[in-house]
Amino acid sequence: MSAVEVLFALLGLVAVGSALLVVTTARLVHAALWLVVTLGALAGCYLLLAAEFVAWVQVLIYVGAVVVLLLFALMLTRAPTAAEAGTVTANRPLAAGLAVLVAAALVSSLVAGFRDVRIDLDDSVVGSAETTGEALFTSWVLPFEVLSVLLLAALVGAIVLSRSTRGGGR
Amino acid sequence: MLLLFPLVVSALLFSIGVYGVLARRNAVLVLMGVELMLNAVNLNLVAFDTYLRDVVHSGQVLTLFVIAVAAAELGLGLAIVLMIFRSHQHIDIDRLRELSDSDAADEAIARDHQIWTGVAGGER
Amino acid sequence: MSWLLPALVAVPALGALVPLVWPRAEADRVAPAVGVAVSGAAFVVSLVVAAAAWGRDGMRLESEAAWIPSLDVFWRVGVDGVSLPLVLLTTLLTLLCMVSLLRGGGPECGGERNLVATLLLLETGVLGTFVALDLVLFFLFFEVVLIPMWFVIAVWGDRHDAAGRRRAATVFLLLTVIGSALMLVGFLLVHAETGTFDLLVLAERGGLGMSAQTQLFAALAIGLGLAVKAPMWPLHIWLPDAHAKAPTVGSVLLAGVLLKMGTYGFVRVWLPVVPDGARQLAPYLACLAAVGIVYGSLACLAQSDFKRLVAYSSVGHMGFVLLGIASMTPVGVNGALVANIAHGLITGLLFFLAGALKDRYDSAELTVIGRGLYARSPRLAVFLAVAAFASLGLPGLAGFWGEMLALLGAFDPAEGLPRVTFLVCMVVGGVGAVLTAAYFVHVVRRICQGEPASPGTEATSVELAVWAPLLVLTVLLGVVPGVLLAVTDPAVQTLLGGGR
Amino acid sequence: MNPAWVIALPAVGALVVLGLGTRAATGWVGAAFGLVTWLAGLWVALPYVGSAESERHVLGEMATGVAPIEVALTVDGLAALLVLLATTVAFLVLLYSVSYLRDEPRRATYTALVLLFTTAMATVVLADDLFVLLVGWEVMGACSYFLIGHYWERPDARAGAVKAFLLTRLGDIGFLFGIFVLGTATGSWSIGAANESAASGAMSTSQATVAMLLVLCGVVGKSAQFPLHTWLPDAMPGPTPISALIHAATMVAAGVYLVARLDDVMAASPVARSVLAVIAAVTMLGAALFAVAQDDLKRVLAWSTVSQLAYMFAALAVGGYAAGVYHLLSHGAFKALLFLAAGSVAHAIGTTAMTEMGGLRRALPVTFWTMTVGFAALAGLPPVVGFFSKDAVLGVVSEEAFQHASWQGWLLLVSGLLTVVVTAAYSIRAWLLVFCGEARGARPQHEAPWSMRAPLVLLALASLAGGVLVLTPDLVDPLGRTEGELVHPVLAAVTTVVLLVTLLLTYAEWWRVDGLDPAERFGPTRRLLHRELGFDRAYDLGIALPTWALARTVVATDRDVVEPYVRGAGTGARWLGLGLRWLQRGNVQVYVTAVVAGGLLLGLGAGWLVP
């Protein structure tokens, strides 16, 4: 087992463990914070997989913007910061069962399919800002532009939805 | 590195996300579950991109797209959550039952009908 | 390629649009006249069809066009001796129904515009069913009839019983739709093994290319679907309510025409397409038919509502038709076809008379109508008595020949059928005929004879104009049934012989 | 001339009369059509009376899918005689009805129905084909039904009409099946073919037996023989001329005609003949006994008709074709006479109850004398026609008994002789109660007008002179179907003596009870006979009531057994809907859970199925 593998395994463990805490913790704000850990660990994984640019984007957008957004939402909905009873619904046993089943199905099929497949990291092209940017603005430029429209639409939608209806009327 | 490493991590993250979506009561936490699932997908994309040595980096680019879309989705989702909070004073998923096929819902529909048309509801 | 049959189907279909696009304010007033004009035109077209096809052997006036070729569905129509009399009956009865709506004969709740359009749509469906030579086309027209009939019963039905008429209409619709769904399954089974929906090709093959198992299942499914419509005991339960709650025109068309679609289907599809399956099921059909004859007659004896009584009498009469079909002999099938026509004329007339009584006394209850119609409304009473005697199968009137031939068919059924079973069915049918006589003379005794209860109103000229053609045809068909048999017999011989 | 005219003319007449409505001329127009029909009947029939020739007229053919029905008419000796009888009586009845129904508002339908009946009877008589015969046969029944119910305000008329129609129709279903058997056995529906096939032995005995037993059902119903005998007396509320025409002279005799027509088939089946013999023996004596106890003149005559018809069947049952036909003709004449005379009495005093009559001899001389002839014929007094025809019947029966020593012969002979006694008794009883002694009820105002008297006189003359026919047996039996003479002197002498003794005894009893009813002598038995041994009640309890109960059961079955399935289907669907609705509680998480589970299942399934 190489050093990269060891490192990856550790990061994976951190990601999975904190993800578990995200969905199980009784304190809502802690869930958001554990999410930061998960996402950060994933960014590390991206680095190990030679996706440098994606890793930084992950840190910037996910760990930075998204989690902040979530925290804002929690605050705006007056979520208690203390531990709280009943953060899970009655659906929990079913959910747990299904999650385990999904995991079992996925892992078993992945193991069956990719048992001895290796990624050759040694001479791989590092996904730096340059290479990724080149790909993005040559091969993927059209979807990129379409995405910008999507973002605009989402922006407008979010503003419309969160505007107080009391003042504006229907 | 074994390809299985990222794949298994991704699968586990996805399953945890499923659990979060299906079991959490608070709508914001449900959205966190969704984020976990999206990230699981991203890890997959990046892993395969590297494994396949894609010249145009489709995996990584798509990961970027997904991150952007996830941000947009989260923005809209949280806006909706806020709206619900404003109207219901809570965001407990299992207490939002407007979609149910119940007599109360029927009556609510009939009331709306009356508001819209001025005709007594239930004329069917 | 002839345009006559497409025209025949198209005339009422397009005519149904006329009252709908007429200026709204005038539409209800002119609708019956429009109805008479359109159905009259359809009648004339059917007469032209008859002139072109009467007494000629084989399928006439065929036309064919690709419709959904990828599904093997074609527009194929044609008439022969089996369908031609039914086409004429349909156009005639619809015309008479329209005439009966003239001069204030319309529904009391209004809506003549929609009623006329609905009835014309109904006529389209029925005519289409009788001329279709493609299983899917047949099924399509078969279904087209249902929805208008639901509206006729549910909207213009018994105005004293809104819930009851809706219920009757819905039960009618549901039972027939379930039956039709089964029938469609049967058609698809046939198609799955033969690869065609063409009735003529299928009839020519006479079941070749289908395994015995498939034939049995197909025959069962198709037979059940048709039996609901016919109706066969014990699937008749929709019929008394539907007839009793329907308006006069609805009852007339329901009894006179719609029931025939079921029995026509038996002759056109069931017997020639899946003969081996039919042969296995025929004894059961015969037994159920015989039970239906006696059951219907007995139910009539205990009825106090005239419309319900006539409705139940249809169960009995259709039992004779089904018995004739079950015998699988030319004579039995001839009898079934003649009985079909006779029942259409006679029961149509009886329902018109019941409607007239209901108009006058606001109820079809025998006790409400009271005694002594001979004195109160002599013409009406005479029509009633003659129609009753025709319906009970008096030789010399139309009702006799069909039932006699059906019994004769059961006396000597086709080879391979259990003779004893059929003999028992024949005897049971004979007992049913006596019971039929019993309830009709009972009715005549209850309402026609006796001390007149109250002054009555005589038949109006419109009513007489509607009833008289039916009565005249009943007598004519009773005296010279050979006219009809000469048309049906060659067609039946070819159908049962297999091939064109 | 085509015999179809005899059928067509009265039918046209019926339409014309209906068109005329209640005008004064209606009756006369009806009578005119009766006359025309009679002339046509003469023209058609006379050449064939007593002739062995026959002529067949084919009018058309009707496909059936098996052997086609040939619509054909045949005139031969038997048909010719019956055409003459039917058209003659019909004409006389129409003539008689002109006055009888002068003030009757319903004479248009009445006259039309009589004419229609004539059509039907002519169809029966002339039919060459069994189905054509059946058409006429049942149309006669329908006319009979409508005419019995002519006075439809009267409950007894309504009930009688229904009873007559249903009992005859019950028999007719058997007849229809009999036709099926005959037709299938011979491959043709023609009567001639059936007879030929039976005579040549092509038809097996069992086929002939089954066919004739079924045909006998119809015959028994139509001719009111045991056990379907109860309808005829109840048919008497109809107008009296109708009783004369339909319920005495023609329609009820059609059963006899049919058996005579199918004589060859009958001969091929000893079983059928034995059954007929038993029926005849039971009916002739029973009906005669019932006649003794009746208080109503028409009812007496009705039972006597039943009894006399049984005589004809007795003759046919032992192969006495000529005697049977002879008695049919003779009975047609004198029974029409008796009924028309009874109608004349009723016309004069307004009732047919014998308790209201008495001493009518002087007031109604023509009626008295003609009816006396009729009663004499009925009782079988020489030299009236009834004597000869009855003698012919008893003669052929006694030949069977003595020469062939068959039990059928003996049964019929004993029964026949007893019936002679009873017949004489009820004849003279009725005669005495109506015409002799003191007047007990309303006094007659007037004798009937000429149009009523003329038929009486003509029929009386025919009854008096009809005995002459005995001298020409070829007239009734041109083909020589039966051997032996029509006259049997020894037997005639014996019966005449028996007859006279009975008459004297009855007269003495009447004298003894001082002009009251001599039937009182029977005591309690009389009441039993008056109720006709309770057959009506038994049929009510045994058939009618169970049928009604069954009818109610059927309706209840529909309501409580068949319909619940339909409702149950509806309720079931509703419950299913409620169950599914319970799942749709609006909890999004549950929905998503289901979606995930479904997706998982699909994925696993796909992985499983597509390796």
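These legends describe close-up views of a predicted model.

**View 1. The predicted model and its scores.** The structure shown is a prediction. The model scores ipTM 0.71 and pTM 0.80. Chain D has an average pLDDT of 86. In chain D, 99% of the residues score at least 70.

View 2. Chain A does not touch chain C. The nearest C-alpha atoms of chains A and C are 38 Å apart. Chain B and chain C are not joined by any contact either. For chains B and C, the closest C-alpha atoms lie 14 Å apart.

**View 3. The contact between chain A and chain B.** Chain A brings 77 residues to this contact, and chain B brings 62 residues. On the side of chain A that touches chain B, six named helices each give two or more residues: helix 1 (3–24), helix 2 (28–48), helix 3 (52–76), helix 4 (92–113), helix 5 (129–138) and helix 6 (141–162) of chain A. This side of chain A has 58 nonpolar residues, 16 polar residues and 3 charged residues.

**View 4. The contact between chain D and chain B.** Here 10 residues come from chain D and 10 residues from chain B. On the side of chain D that touches chain B, helix 24 (residues 588–609) of chain D gives the most, with 5 residues. By class, that side of chain D holds 3 nonpolar, 5 polar and 2 charged residues.

View 5. Strand 1 (residues 55–62) and strand 2 (residues 69–75) of chain D pair in the antiparallel sense. The pairing runs over 7 bridges. G60(D) stands opposite V71(D), which belongs to strand 2 of chain D. The two strands form a hairpin, with 6 residues between them. In the turn, G65(D) has a positive phi of about 110°.

**View 6. Helix 16 against helix 18 in chain D.** Helix 16 (residues 365–379) and helix 18 (residues 407–435) of chain D pack at an angle of about 165°. Their axes are 8 Å apart. The two helices of chain D are therefore roughly antiparallel to each other. Helix 16 of chain D passes helix 18 of chain D in a right-handed crossing. From helix 16 of chain D, the residues in contact are F368(D), T372(D), F375(D), L378(D) and A379(D). They meet T423(D), A424(D), S427(D), I428(D), A430(D), W431(D) and F435(D) in helix 18 of chain D. The residues of this contact divide into 9 nonpolar, 3 polar and no charged.

**View 7. Helix 3 against helix 19 in chain D.** Helix 3 (residues 77–100) and helix 19 (residues 450–465) of chain D cross at roughly 150°. Their axes come within 7 Å. Helix 3 and helix 19 of chain D are therefore roughly antiparallel to each other. The crossing of these two helices of chain D is left-handed. L92(D), L95(D), Y96(D), V98(D), S99(D) and Y100(D) line up on the helix 3 side of the contact in chain D. Their partners in helix 19 of chain D are S451(D), M452(D), A454(D), P455(D), L458(D) and L459(D). The contact of helix 3 with helix 19 of chain D has 10 nonpolar residues, 2 polar residues and no charged residues.

Conventions. Residues numbered from 1 in each chain as written. Chains lettered and ligands numbered in written order. Predicted model: local features only at pLDDT ≥ 70, side-chain atom pairs only at ≥ 80, totals over all residues. Contact = placed C-beta atoms within 7 Å. Pairing = 2+ DSSP bridges. Helix = DSSP H or I, 4+ residues; strand = E, 2+ residues; numbered from the N terminus. Nonpolar A, V, L, I, M, F, W, Y, C, P; charged D, E, K, R; others polar. Axes fitted to C-alpha atoms, helices over the stretch in contact; angles between N-to-C directions. Parallel < 35°, antiparallel > 145°, perpendicular 65-115°, else oblique. Left-handed = near helix turned anticlockwise from the far one by under 90°. pLDDT = per-residue confidence, 0-100.
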